[in-house]
Amino acid sequence: MSEIDIDAILRQGKSLADEVEVYVSRYEDLSLEQRQMAVSSVFEHAGQNIYIRVVKDGKIGVSATSDPTRIADCMKAAVSSANLSDAIAGWDGLSRKTEIANGPDPFDESLEISADVASEYLERMNAGAETYKEARVVTAGVTLLKGASILANSNGVWLERKFTDISLGIDAICEGSTGYDGDSAPFASRLNPEKIGEQTAFYATASRGGEMIESKKYDVVFSENVVDSLVLELFSDAVNGRNVITGKSIYANALGEMVANPKISLTDSPMAEAGDSWRRFDTEGTPTKQFDIVRDGVLTSFLYDKKTAAQAKTQTTGNALRAGNGTTTISPHCLTISAPTEDVLSRPCLFVKEVIGAHTANPLTGEFSVEVANAFLAEGGKLLRPVKKAMLAGNVFDILKGDITISETAKAFSGALVPQMRIPDLQVI
C-alpha cells in the first residue's frame, strides 16, 4: 500500500480551513465460508481508509477515500462539506495534545491472516458439533482481521493504535430445529471453537419437539445475546448524546433522576480486562475513562463526542467512534452492568437463547414484541423442555427498573461485557 504523507495533508488542510484532522485505518482480513461441510468461498482483502475532517468558521466537513492518489480531492470535498454545514455553537476545537495513559491495544501479535488458520478454526467448530451427531452443520464462517490506525490533527495530536479480531459463527439443523452460536475476540486464547460448535449442535438437537405453553407472565432469563441485542442496545441509544439533543431519547430530561432499580449501575469501562476492544483514546483523540452512566439507579451521564458536547454545552465523554463514511458515531466502549447476582437458572423460568425481531423494538419508548428461538423451560440450572412458538412483550426501560438479577459470568461483545439476565413477570404469549 502507498505511504500516506499525513504531515502534508495537515499542511494542506490548514491552508484551506481553521482546523484539520486525518484518520487513517489500514487493515488486512480474510473470510472463509462453509456450506454443507465444504468451503464455499474465500475472501481476502487488504486496504486503507483515509478520513479527513476540517473545521472552518465553526462548521465541520467530512470526506473519505480509500485511494491515496485522491487525497487532494478528498480534502476539497471535506471543505465543501463544511461550507454547506451549519456552524456548531460553542465549538471549542478539535482535540488537543494531552497525556494518554499507557496500556495495551487489543492486538494479537501471533495472529496469522491465512486460509490455513481460518480452515483450522472451521475444523475445530465442526469437531465440536460432532458431539451431537443428529445435528447437521448448515453453514459456518471465520473472519480474521489485523489492522492499525493513526489519528493526527492540526493541534498536535498524533495517536496510533493496533487491533486484531477473530470472528467465528456456525449454525446447524436437526429435524427442522435450528441452532446458532458464535463468538469474537482480539486474541486466539479467548476463543473455544469446539465449544461454539458443540453449543450450536446442542441447541439444534435440544429444541426439537417444542411444547406450547400458556400465555401468562413468567420469570424469563435472557441469554447474553438477547441482553446485548435488546436491552443494552436500546439503553445505549437512550444515553447517546445525539439522541438526547434531538429529543429522541426517553432520558432526554432525566439527568439526575432515578431511571433504574437502585441496585443497578451501568458503567463504561474502556480498558476492562475482559473486554475485547480496549481503547485508551477515542477516534477524536480524547482520552477515555471509566465512568458511571447510571449509578445506583440514578442517571448520571450521557455519552458525547466533541460536536454533541458543544451542542449540549458540556464536555465530551470520549465516546466517539468512526463510521464508514468518516463521521463520528457515539457508543460505549465497554458497557458493564452491576446488579444482584445469582444462578439465574436455578429457579423455575423460561430461558431464551435468541429472539427474532430485536431490531423492531421502539428505541424511544423501549417497547418490544419479539419471537423466541431456542427457548426452554428451565429449573435447577438445567434446560428441561423446549418451548415452541412464543412471543415476549415488554419494555426495556421498565425491565431496568425491576428486580432483575444477573449471572456472575459475562460474555464479551463489541462495546459491552454482557451477563445473562433474569427478569421477573415478563409477558409471554
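Guide: A search of the whole structure finds 8 aromatic pairs, where rings of Phe, Tyr and Trp (its six-membered ring) pair if their centres lie within 6.5 Å. This is a predicted model, so to speak from the record: local features need pLDDT of at least 70, side-chain atom pairs count only at pLDDT 80 or more, and totals for chains, interfaces and linings use all residues. Residues are numbered from 1 along each chain as its sequence is written, and side-chain values use heavy atoms, with hydrogens and water left out.

Visitor: What is the geometry of the pair Tyr203 and Phe376?

Guide: Planes under 30 degrees apart count as stacked, over 60 as edge-to-face and the rest as tilted. Tyr203 and Phe376 sit 6.1 Å centre to centre with 50 degrees between the planes, and that makes the pair tilted.

Visitor: Why is the pair of Phe235 and Tyr251 classed as it is?

Guide: The ring centres of Phe235 and Tyr251 are 6.3 Å apart. Their planes are at 65 degrees, so the pair is edge-to-face.

Visitor: Is Phe235 buried or exposed?

Guide: Buried means under 20% relative accessible area, exposed over 50%, partly exposed in between (1.4 Å probe, protein chains only). Tyr251 is buried, and Phe235 is also buried.

Visitor: Which residues form one aromatic cluster?

Guide: Tyr203 and Phe376, the tilted pair, belong to it.
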